Amino acid sequence: MLAHRMGHTHDAGMRQTPEPEARATPDEAGPGKGRPLWYGLAAGMIVVAGFSARMATQSQHPAPLPAAISGDAPHGAVSAANTLGSTQQFAMIAPDNAPRALQQSGLTPDQQARILAGIHKREYRLVQMPIYDEAGTGGVVTVSSGGITQTVPLTPRPRTVLLPIRISGEVDIAPVSDPGPAGVAPGAITVLGPTPLPVIHRDQMLVLDVIVQ
């Protein structure tokens, strides 16, 4: 019986519990060691992809530009899209008759002197343009030519306006105030007789190309 116990003890000693295998830690060599580097690369790729998507969205939908600030624009600053055009022929006043015609025009002495100086230098030609209300809508317009602007009320009876015409021969006509839905309808007596001119509406200007006869 003693021999049996000794044999049992000897077998137990021979069957020792195996030691657990050593496992590689994250710092040791193996697949786990590259994980921190792989995570860093993946995070960088995600950031780059997000930035690229944001830039593409901004290029498709750009931020609105700040609104431009503008001041009160004169009639001469009307855009080309709101400019009306017409070519008409008017009679010229002979240079010898210019002083007397200017005295009856209602222009200031300074304006008269300026026009006469331009005529003597052959920079101006003096033209008379009778203007009237064609459609009965009334209104007041400014007539600008040669750097001189005159305010003219439109009435059924023609009112003669003297125009200093440069070589370009342009005359600008614009409403003084909002003419309403009907606009202003000027007419002029040209060398061909009474002639309706284009109706001028709000924020519009009529540019006459004047041919001097």
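The model is a predicted one. Helix α4 comprises residues 109-120, and its buried residues are covered by elements that include β4 and β5. Both of these strands, β4 (148-153) and β5 (159-165), also contribute at least two residues each to the lining of the largest pocket.

**Helix α4: length and faces**

- The twelve residues of α4 should span 16 Å at 1.5 Å a residue, and the end C-alpha atoms are 16 Å apart, so the two values agree.
- Four residues of α4, namely Q112, I115, G118 and I119, are buried.
- These residues lie on the same side of α4, because they cover an arc of only 130° around the axis.
- In an α-helix there are 3.6 residues a turn, so residues three or four places apart point the same way.
- P109, D110 and H120 are exposed and sit on the face of α4 turned away from its buried side.

**The largest pocket**

- The largest pocket holds about 290 Å³ of space.
- Its lining consists of 17 residues, and those nearest the centre of the pocket are Q104, S105, G106, Q150 and T160.
- Ten residues of the lining are polar, six are nonpolar and one is charged.

Note on methods. Residues numbered from 1 in each chain as written. Predicted model: local features only at pLDDT ≥ 70, side-chain atom pairs only at ≥ 80, totals over all residues. Heavy atoms only, no water. 1 Å grid on protein atoms, 1.4 Å probe; cavity = no way out; pocket = protein on both sides within 12 Å on 5 of 7 lines; lining within 4 Å. Points joined across faces, edges and corners; volume = space filled by probe spheres on them. Nonpolar A, V, L, I, M, F, W, Y, C, P; charged D, E, K, R; others polar. Expected span 1.5 Å × (residues − 1). Buried < 20%, exposed > 50% of the residue type's maximum accessible area, 1.4 Å probe, protein only. Arc of directions from axis to C-beta. Contact = heavy atoms within 4.5 Å.
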